[in-house]
Amino acid sequence: MDMGIAGRTALVCAASKGLGRGCAEALAAEGVNLTIVARTAETLEATAAGIRAQTGVDVKTVACDITTPEGRAAALAACPQPDILVNNAGGPPPGDFRTFTHDDWLRALEANMLTPIELIRATIDGMIARGFGRIVNITSSSVKAPIDVLGLSNGARSGLTGFVAGIARKVAAQGVTINNLLPGVFDTDRIVDTIAAQAKAHNLSIDEARKQRMASIPAGRFGNRDEFGRACAFLCSVHGGYITGQNWLIDGGSYPGTF
Ligand code: NAD
């Protein structure tokens, strides 16, 4: 299927690894020129080189913390007029809500709610003026089915979800869509770390801990970044023009509800 977005420009945040990288790679495979952002220059440059070699698209890099005003300014200076914006950043740490401080909450809100809102605010009017825009926010299945130890994530991401639900309807007639992708369990560094912690806590081998976790997923496996990225590319394609304001779970069937 021709996605119809070759030659478009995308700003993809937190994209040197994991789900953000999956989105960057899938967009590049459709001929989209990229600006990719991540904190560690070395990993970011290696990812950019790989994407250029595989696809031949133009890939700019910005090594920064996207959750800071300076980081966002640098990303927007490199890519002031994206046709496609993929919002992503690291998730907040787990913990007992009684231990979360006011500063912990501010950090979570900054990373997982206010940063995407700021980037949307900075880019959406250009998309409206050009009559085409695609915004995808990487959130979490925890928005739909809260995970008790991820209170910071449940809260901050739900704030973003509520905001997006409102504005998506305001810009739909101008060719701009805004959707959220809600990952379940994906085989990225973040999950490798979580499984290692679970294995240690329950005195299991890493392999045993992985198998236990997979057994709780109807698909019987973790997701991979390629399939996540391709879902993102479809939402960003010309064919996704009538899909807006949605929260797409990609979780191998883990969410047990009918709707
Ligand atoms: P990952 O650790 O594999 O990759 C994270 C990427 O984001 C890296 O490129 C890193 O450099 C970059 N990054 C992190 N914080 C950044 C910042 N402040 N500024 C710039 N770049 C930053 O993580 P992942 O598994 O791909 O997760 C991506 C997001 O999806 C996270 O918010 C995570 O909480 C969420 N999520 C992941 C899963 C999963 O199963 N992997 C499930 C639910 C939600």
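Modeller: An oxygen atom of the ligand has a backbone N or O atom of Gly-184 at 3.1 Å, a polar contact being a pair of N or O atoms within 3.5 Å, where within protein one must be able to donate a hydrogen and the other to accept it, and residues adjacent in sequence count only if both atoms are side-chain atoms. A backbone N or O atom of Ala-89 is 2.6 Å from an oxygen atom of the ligand. The side chain of Arg-39 places an N or O atom 3.4 Å from a ligand nitrogen. Of the 830 Å² that the ligand exposes when taken alone, the protein buries 92% (Shrake-Rupley areas with a 1.4 Å probe; for residues, only the protein chains shown count as cover).

Two elements each give two or more residues to the shell, helix H1 (18–29) and helix H6 (189–201); helices are DSSP runs of H or I with at least four residues, numbered from the N terminus. H6 has the largest share, 3 residues. There are 27 residues around the ligand, and Ser-16, Leu-19, Ala-89, Phe-186 and Thr-188 come nearest (a residue is near if one of its heavy atoms lies within 4 Å). By type, the shell holds 11 nonpolar, 10 polar and 6 charged residues, with Ala, Val, Leu, Ile, Met, Phe, Trp, Tyr, Cys and Pro counted as nonpolar, Asp, Glu, Lys and Arg as charged, and the others, Gly among them, as polar.

The model is predicted: local features need pLDDT of at least 70, side-chain atom pairs count only at pLDDT 80 or more, and totals for chains, interfaces and linings use all residues. Residues are numbered from 1 along each chain as its sequence is written, and side-chain values use heavy atoms, with hydrogens and water left out.
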